[in-house]
Amino acid sequence: MQRWPVLLFLAWAGSLFFCGIGLFTSGFLLMRIELTNRSSCADPLGAPAWAGQGPAPGACWLPRRVPKAVLLIIDALTFDFARFDPAKDRPRPYENKLGFLHQLSSSQPRHARLYRFRADPPTTTMQRIKGITTGSLPTFIDVGSNFASYAIQEDNLLSQLVQNGRRVVFMGDDTWDGLFPQKFFRSYFFPSFNVKDLHTVDDGILQHLYPTVDGGEWDLLIAHFLGVDHCGHKHGPDHPEMAKKLTQMNEMLRSLVDHLGNDTLLLVAGDHGMTETGDHGGDSEKEVNAALFVYSKRPLFGARLPEEPETVPQVNLVPTLALLLGVPIPYSSIGEVMAELFSGDGDAASAALRQLSAYHVNARQVDRFLHSYSLAAQDLPAPRLRHLRGLFSAAVEEHAQLLGRVREGGPPSPELQARLGRLVGRFQHYLREARAVCMESWARFHPLRMVAGCALIAASCLLCCLASELAALDFPYRRRLLYPLLWGLAGAALLGLGHLLAREGLDLLLVASGGAAASQLGFFWHLGGRRPLPARGAGVRPPGPSAGLWQRLALPMGALLLRCGAMFSDSFVVAEARVAPFLLASLAVLLVGRLLWRGQLAALEAPRQHKKSWQVLCLLAALLACLRLSSLFHQCREETPLCQPSPLLAPLAGLPSAQAKNLSYLLCVASLAGLVYALRRWLRHCGNLNGSGPLVLFVRWAFPLLALCVACYWAVASGAEDTLGKLQEPVQAALEGFPRAAYGLACLGLLLALWEPLTVFVPDGREAAGAIVTPYQRAPSSQADLLHVIPQIYRRMQESLKSQLDGGERGAPVAAYGLGSVYSAALLVVLTLLGFLLLLLHSERLSLAFLLLFLEAFVLLRLHAWVGRLAGDAEPFVVPWDAVTSWALAATQFFYSTGHQPVFPAIHWNAAFVGFQQGHSSHLVPALLVGANTFTSYILFAVGCPLLLLWPFVCEAPSSPRRRLKEELCEEEPMMEMRLRESPERFSAALLQLGLKYLFVLGMQLLACVGAAMVLRRHLMVWKVFAPKFLFEALGFVVSSVCLLLGISLVLRVDCALSAWFQRLRPR
Amino acid sequence: MKDTEIKRLLFAHIVCVFSIILTTIVPPLFLENFSVLGTHLIWLCICSICVTTVNIILYIILKPNPSSKRISLAHKITKFLKCCVFFFISCILFHGIIVLYGAPLIESVLETFLFAVLLSTFTTLHCLCILGPNIQAWIRVFSKNGAMSIWDNSLQITTMCSIVGAWFGAFPIPLDWDRPWQIWPISCSLGATFGYVAGLIIAPLWIYWNRKQLTYKSR
């Protein structure tokens, strides 16, 4: 029996996938660390005062220049919408509709100006709101302290305003409510979800806008109109509806300006543009080209009017607005102030000095941010940072010098003026460079890495598929494993050396993926080198291999392909909770239908066969019922507003009525007890519960104890709110103690299962020794001798089992109980232990879902065993593809049916505090707990995967004693799992093949996710649907493959222990 | 012999197809506000009733499996009652299977049930007409090499096409296109209908093309 090569090969195949995932992730998921620092007025960044300006009252960093501001965000206001071209004689529906803006800027050029407002991709509304308020570039993962809500954790304009006592009033899109909970002085939110609804939000705003403006109880008023965006989504820009909507906006602006006071600044901005079809989200020119319009009744600008409107990056709004309103710039802003707005009245020199002080503050703030960021993360390239630092210090030095000269007094000379102008240029240069550096590392995909990662995963899938087909034949591990590994090592070493020689930093990920690719090449090279002769496999293969192959593969591969195809549509990803059970049900029905079609289901001649057919039909019905029931435990995601999350997901503590609470609690405890009872019943049925081995004792005594711990924990947790003050302390202790006891017991059980996994019982040494009749007088020394002994032991065991079941006399010689199901028994014990452990992390009523999970897995195993038997598969050592595919589908289905969804807000964060009420000191334990909670079904199904191989053998056992009596005794005894031990080579090959098949099915799903994320990276839903789905699927794959390895190694450990056990029998 | 048989089959199927087409064209003449999508339930009823009548009339005219024995009236009546019971059971079974496949359990029960009735009309009714209430014969027909006449073959093809059509009809439901036909059970019932019509058309053609290979065991 080759144990280590099997494990090594599987680990190698898994790590190939890991490299692919890592490579793809590094190209696709751009990360940015969120800093928690906040700016405050006390920060020593304020500009040094220059002559003629004392510290103004209420000044913070810079004196407040604008007492009030109105920020109107018209969603998807493209620059083309805002521009007015009187020369156009036949404007399209969206052109020349905002005539009022043009009227203002042409009649009052010093009061109003239109800009191109350049949005940074991703151009989705939420990311843009983040950009407009934090002044940073949001990427998909802004690694912050909290994933659970969308609320902005970073320092931002609104929190600065609130911190400094300003009143912010908001009306419009309710996305802001999620982003800034409790920040507004007053707010009027309107639902934004229905894209077809053009008017609710706009009409709601118009109803409140003018009264609020006139009321004057605000310092910053934000109104976010959605009509234009929704009109774009519904009709596209080129539609009469758009003309109507824009005309409405024009009228709104006209009357709003009448209501504004003299000291109010008006900003009209689009958060992003739209394409020809009215969509947005990507980075095409039309999508990033929004409009910004600035107006004030006091003159703002110099007299010079630029020919073509200037382009302003969107992040520039934040420092500008902050300094104008006299609050600190948010800490992480990387924007540049719009200097024109700071020039004010007066001569050119004083205007330049005012601009310079704004720039100076701005540059110091950006420098401070870059410094803190480079301490927290390494993703900004160090040489560029050094270069920036140089620019910054030179500019600041020069600024100080110039200020000194200005303080000395004297009329500003033209030379000084020129130097001031140059200094403005240097500050601008610095700020733009800094923004460019940040953008390069945060907001750009690496297509090459993405493609390479995708290719690596695809090649690994191919490798798994090929190797699993070859594993049934002769499988020379040296050629298949050792050489590729050597190739991989050589490739990695070469790549690493190349890196070192090129004096670049050693990128571990690149080196690892290079090694992975090289080892794959090695595998395929040695595959093509010499085809092994199918010496042993030829006899067993069906006569028409290609037709047989097609028939074997059509169903499971069809289901798998459909599932993979579904990953490419956002609707199907959102509805995956229904897609997976649908496919699983279809697969099972088709399997049974195929039996019927081939006439294998209802062989009417034999009445016994008839009974089997009924059993298969009952199993199918049970499977369908399980599938349907499991959908009761669904969680909802944001995209389906009509969906109601299942009430069963809420913890019991939240139930208002005591009676309902008690009833549900009893139900949960009953399901716990049911789980324990079912396991013990099954083990007793197989004869594994006799004897006094440590694992048997554990199952007998510790399992009820474990269930008791869980039940007690639930009782305390669900009643914790009602307890009196005095009992607070013991309750807290219990809340910590019970789960920890359960953890401890479960870990003890797992260790026991590893240390002594045998559940075989030999009642009495002498009697047993006498019972085994060996044809050898001496002890069997070789493997072949042992092989002779095993069946005999087994037969004895069978007889004894039968006599016990008959309840007859105990005279029959007894050798060993439970030998026939020794592998599956250990796996079942471990699975149940894991089930308890994971159950503890979920809310109470999900125990019913766990019960369903175990039931469905059981039904699936039995169904496949029966189907395999009825179909008369010649090869019991090969697990058919349908079984593996349905196993993987069931894992996906129960991911959803344990109340999860592949989005961050749906993660059960409570799991981190089970047994750790006071929080954690490290990040590892909570991450483990939450991860275990999230990937529960993946863990259980992956560990249980070897059962697919074992179950057909277990099912050979007589299911009832009566049937056994009827059968002739001379009929060959069922050997159950000992048949696996009889041919150890084929056993190890079968395990390897099963593992590879499971890896292949998981890998195909992963490949589909990766492909969808790559192909659809410009899709509107990429950050809401595809990217989270990819992340969850990738993590799920990692968890599954590790657990699969654990499951298989457990089987191999049992095999090891079994060998030792047979060796111990030898001396007799 | 065989060619005339195929012609009779073709005739029967064409009548069936026309009856389905008529169910979409004729009712608007009598009923106000009728449309297949808008008043889908009424269409489901009309379609089921129409297909049932046409099938029974065709069965009476064509007698696909003529038996030599004379059958008494009482026997005929029991057979008819048995058929009714079978049909009803199949409706319930289909309803159950549809719900197990993910249809809502309590809401829109009527829709689901009418869809089940439609599916039964397309599948069970056909079987009842051709094979009679005889489960053993059904199991025989729906297995490889089990067909004993071209009628059995056509039965296989139309039944499978209807069910596969209904299965494919479930695919567009999750999509966010907001079309009226995505509402439960319209896409599925339309899929089943299209599948049935396709089956009706394919069956004679397929049998005609494979008439050389098709050899039937005598009963």
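## A first look at chains A and B

Let's start with one helix: α13 of chain A covers residues 382–407, and at 1.5 Å a residue its 26 residues should span 38 Å, which agrees with the 37 Å between its end C-alpha atoms. That expected span is 1.5 Å times one less than the number of residues. Helices (H or I, at least four residues) and strands (E, at least two) are DSSP runs, numbered from the N terminus.

Before going on, a word on where this comes from: this is a predicted model, in which local features need pLDDT of at least 70, side-chain atom pairs count only at pLDDT 80 or more, and totals for chains, interfaces and linings use all residues. Residues are numbered from 1 along each chain as its sequence is written, chains are lettered from A and ligands numbered from 1 in the order in which they are written, and side-chain values use heavy atoms, with hydrogens and water left out.

Back to α13(A). Its buried residues include A:Leu385, A:Phe392, A:His399 and A:Val406; buried means under 20% relative accessible area, exposed over 50%, and partly exposed in between (1.4 Å probe, protein chains only). They pack against α12 (348–376) and α14 (414–442) of chain A. After the helix comes A:Gly409, with a positive phi near 90°.

Helix α11 of chain A (residues 317–325) is largely enclosed by the rest of the structure, because 9 of its 9 residues are buried. Just after α11(A), A:Gly326 has a positive phi of about 75°.

Chain A as a whole has 37 helices and 10 strands. Of its 1068 residues, 55% count as buried. Counting contacts (heavy atoms within 4.5 Å) in chain A with a separation of 6 or more, 80% come from residues 24 or more positions apart. One buried spot is A:Gly899, at a relative accessible area of 0%, in the loop between α30 (881–897) and α31 (924–934) of chain A. Leaving out residues up to four places away in sequence, A:Gly899 touches A:Phe633, A:Gln635, A:Leu649 and A:His908.

Now for charged pairs. Over all chains there are 28 salt bridges, each being a side-chain nitrogen of Lys or Arg within 4 Å of a carboxyl oxygen of Asp or Glu. Here are three of them.

| Pair | N to O distance |
|---|---|
| A:Asp155 and A:Arg38 | 3.6 Å |
| A:Arg113 and A:Glu340 | 2.6 Å |
| A:Arg186 and A:Glu217 | 3.1 Å |

In the last pair, A:Arg186 lies in strand β6 (residues 186–190) and A:Glu217 in the loop between α7 (200–215) and β7 (220–225) of chain A, so parts 31 residues apart in sequence are tied together. A:Arg186 is partly exposed at 30% relative accessibility, and A:Glu217 is partly exposed too, at 41%.

What happens between the two chains? In all, 21 residues of chain A are in contact with 22 residues of chain B. The chains bury about 1900 Å² between them, 70% of it on carbon and sulfur atoms; buried area is the accessible area (1.4 Å probe) that two parts lose on being put together, summed over both. On the chain A side, A:Phe582, A:Trp597 and A:Arg628 lose the most area to chain B, together 38% of what that side buries. The count of salt bridges between chain A and chain B is 0.
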